[in-house]
Amino acid sequence: MTSVNIYETDEMISQYLEFHYDGEYFDVPNFCINGVKQCLHEIKINQAAKALDIGCSVERASGVNAELRPRTK
């Protein structure tokens, strides 16, 4: 009998991608985008600060964090 990793099923992959990368539903903002915006607003990090996204599954929050933060020179 072959063991199936539930996180590698088509259904679960579709749910993760929709949850992380899709738009707004019922006036509820995208979870990852909204979460990163709230964190950046609350902690007011400077341009040189670094962040580590642990357990990010599809890495959406890392991408949003990189997009929203100003670039260092």
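One aromatic pair was counted in the predicted model. The pair is formed by tyrosine 7 and tyrosine 16, whose ring centres lie 6.2 Å apart and whose planes meet at 70°, so the arrangement is classed as edge-to-face. The angle decides the class, because planes over 60 degrees apart count as edge-to-face. The two partners were also examined for accessibility. Tyrosine 7 has a relative accessible area of 51% and is therefore exposed. Tyrosine 16, at 28% relative accessibility, counts as partly exposed. The two labels follow from the cut-offs, because exposed means over 50% relative accessible area, buried means under 20%, and partly exposed lies in between.

The secondary structure of the protein consists of three helices and zero strands. Read along the sequence, the pattern is α-α-α. Confidence was compared between these elements. Helix H1, covering residues 10-21, has the highest mean pLDDT, at 84, whereas helix H3, covering residues 60-68, has the lowest, at 75. Over the protein, the average pLDDT is 77, and 75% of the residues score at least 70.

Helix H1 includes tyrosine 21. At 42% relative accessibility, tyrosine 21 is partly exposed, because this value falls between the limits of 20% and 50%. Tyrosine 21 also takes part in a nonpolar surface patch, which it makes together with Ile13 and Leu17. The area of this patch is about 270 Å².

In the loop between H1 and H2 lies aspartate 27. The phi angle of aspartate 27 is near 60°, a positive value in a residue other than glycine. Most residues other than glycine have a negative phi. Aspartate 27 counts as exposed, since its relative accessibility is 71%.

Helix H2 spans residues 31-43 and contains asparagine 34. With a relative accessible area of 27%, asparagine 34 is partly exposed. The C-alpha atoms of asparagine 34 and alanine 61 are 9.4 Å apart in space, while the two residues are 27 positions apart in sequence. Contacts across the protein were also sorted by separation in sequence. Of the contacts with a separation of 6 or more, 54% are between residues 24 or more positions apart.

The surface was examined for the protein as a whole. The accessible surface comes to about 6400 Å², and carbon and sulfur atoms account for 56% of it. Of the 73 residues, 15% count as buried. The residues described above by accessibility include tyrosine 7 and aspartate 27, which are exposed, and tyrosine 16, tyrosine 21 and asparagine 34, which are partly exposed.

Terms used:
Residues are numbered from 1 along each chain as its sequence is written. This is a predicted model: local features need pLDDT of at least 70, side-chain atom pairs count only at pLDDT 80 or more; totals for chains, interfaces and linings use all residues. Side-chain values use heavy atoms; hydrogens and water are left out. pLDDT is the predictor's confidence in each residue, from 0 to 100. Helices (H or I, at least four residues) and strands (E, at least two) are DSSP runs, numbered from the N terminus. Patches are made of residues with over 30% relative accessible area and no salt bridge: like charges are joined within 9 Å, nonpolar side chains (Val, Leu, Ile, Met, Phe, Trp, Tyr) within 5 Å. Accessible areas come from the Shrake-Rupley method with a 1.4 Å probe; for residues, only the protein chains shown count as cover. A salt bridge is a side-chain nitrogen of Lys or Arg within 4 Å of a carboxyl oxygen of Asp or Glu. Buried means under 20% relative accessible area, exposed over 50%, partly exposed in between (1.4 Å probe, protein chains only). Contact means heavy atoms within 4.5 Å. Rings of Phe, Tyr and Trp (its six-membered ring) pair if their centres lie within 6.5 Å; planes under 30 degrees apart count as stacked, over 60 as edge-to-face and the rest as tilted.
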